[in-house]
Amino acid sequence: MLNKILTPREKQVLTLRYGIGIAKEQTLAQVGYIMKLKPHNVNAIQTKALAKLRNHPKIQPLRDYLE
């Protein structure tokens, strides 16, 4: 479902930042180095991706279930 909501770049940022499927989470600087971006650009992509996930209607049932 994430592939339908997020762009590949947004998904990669979140995967690296939160350590999804990898040994440990990465810092903004580490993600920036990997993706050849400045840390503030990584932060902007992360912020946008998290906002998309928070506000997407298909995520709401999961949020309701968890609450």
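## Basis

Helices here are DSSP runs of H or I with at least four residues, numbered from the N terminus. The model is a predicted one.

## Helix H2

Helix H2 spans residues 8–18, and its buried residues are Glu10, Val13, Leu14 and Leu16. These four lie on the same side of H2, because the arc they cover around the axis is only 170°.

After H2 comes Gly19, which has a positive phi, near 70°.

## The loop between H2 and H3

Gln26 belongs to the loop that joins H2 to H3. Its relative accessibility is 17%; buried means under 20%, so Gln26 counts as buried.

When neighbours within four places in sequence are left aside, the contacts of Gln26 are Leu16, Arg17, Val31 and Ile34. Leu16 and Arg17 are residues of H2, and Val31 and Ile34 are residues of H3. Leu16 is itself among the buried residues of H2, and Val31 is one of the buried residues of H3.

## Helix H3

In H3 the buried residues are Val31, Gly32 and Met35. They line one face of the helix, because they fall within an arc of 100° when seen down the axis of H3.

H2 and H4 are included in what covers these buried residues of H3. Lys36 follows H3 and has a positive phi, near 60°.

## Packing of H2 against H3

Two packed helices are described by the angle between their axes and the distance between the axes. For H2 and H3, the angle is about 135° and the axes are 10 Å apart. Angles over 145 degrees count as roughly antiparallel and 65 to 115 as roughly perpendicular, and H2 and H3 are therefore oblique to each other. The crossing of H2 past H3 is right-handed.

On the H2 side, the contact is made by Arg9, Gln12, Val13, Leu16 and Arg17. On the H3 side, Leu28, Val31, Ile34 and Met35 take part. By class, the residues of this contact are six nonpolar, one polar and two charged.

Technical notes: Residues are numbered from 1 along each chain as its sequence is written. This is a predicted model: local features need pLDDT of at least 70, side-chain atom pairs count only at pLDDT 80 or more; totals for chains, interfaces and linings use all residues. Side-chain values use heavy atoms; hydrogens and water are left out. Buried means under 20% relative accessible area, exposed over 50%, partly exposed in between (1.4 Å probe, protein chains only). Helices (H or I, at least four residues) and strands (E, at least two) are DSSP runs, numbered from the N terminus. The arc is that of the directions from the helix axis to the C-beta atoms. Contact means heavy atoms within 4.5 Å. Axes are lines fitted to C-alpha atoms, for helices over the stretch in contact, and angles run from 0 to 180 degrees between N-to-C directions. Angles under 35 degrees count as roughly parallel, over 145 as roughly antiparallel, 65 to 115 as roughly perpendicular and the rest as oblique. A crossing is left-handed if the near helix is turned anticlockwise from the far one by less than a right angle, and right-handed if clockwise. Ala, Val, Leu, Ile, Met, Phe, Trp, Tyr, Cys and Pro count as nonpolar, Asp, Glu, Lys and Arg as charged, and the others, Gly among them, as polar.
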